[in-house]
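Trainee: Could you walk me through this one? I'd like to start with the charged pairs.

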Amino acid sequence: MLGSKFFERSSIVVAKDLIGKFLIREQGGEVESFMITETEAYDGEKDLACHASKGRTKRTEILYAKPGIFYIYLIYGMYHMLNIVTDKKDYPSAVLIRGVKSISGPGRVTKKLKIDRMLHGKEAGKKSSLWLEDRGIMVNQKDILKTARIGVDYAGPIWSKKLYRFLLKK
DNA sequence: ACGATGATGAAC
DNA sequence: TTCATCATCGTA
């Protein structure tokens, strides 16, 4: 199971490293696992696409917390976004899980896995019934595409174009 | 191409 | 306290 050691690295490194890892969800005694195929990194206050670019607020406080906990919020009044806090405590950054095998889109992932604000701030682990595992799948770095992040045009010409989105080539 | 739908943060 | 904005998706 991936723990704080794994997440206590740059969000960019963690985002790339999460491709090919598994997201496990347990509910009602049933365990389902999904291979992660798409992620995005949000890195620090300087990153204008990162919510922490606004500094510490009630909402962004969690991004400054210890690595390996979930940052979950509602977007467009409808969809929950699943993020995992990364890097050292007090360095605000996170990785957004944008897609898993056979489910594309961050809103659809959380809908399918029934992830909502209940898990916000919880540590990734069995206790929270949502965790991550390395199942030994080797991903060739050439099979990981890097692109600009989705839906962050507001972040300006520099930050909206950073290649912080990682996805597995089919 | 667009509307649904609610939390957030900044302005007033 | 009001207002614009938003890390999306399903329908058209």
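Mentor: First, the term: a salt bridge is a side-chain nitrogen of Lys or Arg within 4 Å of a carboxyl oxygen of Asp or Glu. This is a predicted model, where local features need pLDDT of at least 70, side-chain atom pairs count only at pLDDT 80 or more, and totals for chains, interfaces and linings use all residues. Residues are numbered from 1 along each chain as written, chains are lettered from A and ligands numbered from 1 in written order, and side-chain values use heavy atoms, without hydrogens and water.

Trainee: How many salt bridges does the structure hold?

Mentor: There are 10. In one of them, Arg 98 meets Glu 38, at 2.9 Å from N to O. Arg 98 lies in strand E5 and Glu 38 in strand E2 (residues 30–43), so the pair ties together parts 60 residues apart in sequence. Strands here are DSSP runs of at least two residues, helices of at least four, numbered from the N terminus.

Trainee: Is Glu 38 buried or exposed?

Mentor: Buried, with a relative accessible area of 9%. Buried means under 20%, exposed over 50%, partly exposed in between, using a 1.4 Å probe and protein chains only. Arg 98 also counts as buried, at 12%.

Trainee: Which residues are linked with Arg 98 in a network?

Mentor: Glu 38, Glu 40 and Arg 165. The closest N and O atoms of Glu 40 and Arg 98 are 3.6 Å apart. Glu 40 is buried at 0%.

Trainee: What does Arg 149 pair with?

Mentor: Asp 47, at 2.7 Å from N to O. Arg 149 sits in the loop between strand E8 (144–147) and helix H4 (156–159) and Asp 47 in the loop between E2 and E3, so parts 102 residues apart in sequence are tied together.

Trainee: What does Thr 57 reach?

Mentor: A phosphate oxygen, 2.7 Å from a polar side-chain atom of Thr 57. A polar backbone atom of Gly 77 is 3.3 Å from a base oxygen of DNA strand B.

Trainee: And how many residues surround DNA strand C?

Mentor: 20, the closest being His 51, Tyr 79, Asn 83, Gly 105 and Tyr 154. A polar side-chain atom of Tyr 79 lies 2.9 Å from a sugar or linking oxygen of DNA strand C.

Technical notes:
A polar contact is a pair of N or O atoms within 3.5 Å; within protein, one must be able to donate a hydrogen and the other to accept it, and residues adjacent in sequence count only if both atoms are side-chain atoms. A residue is near a molecule or strand if one of its heavy atoms lies within 4 Å of it.
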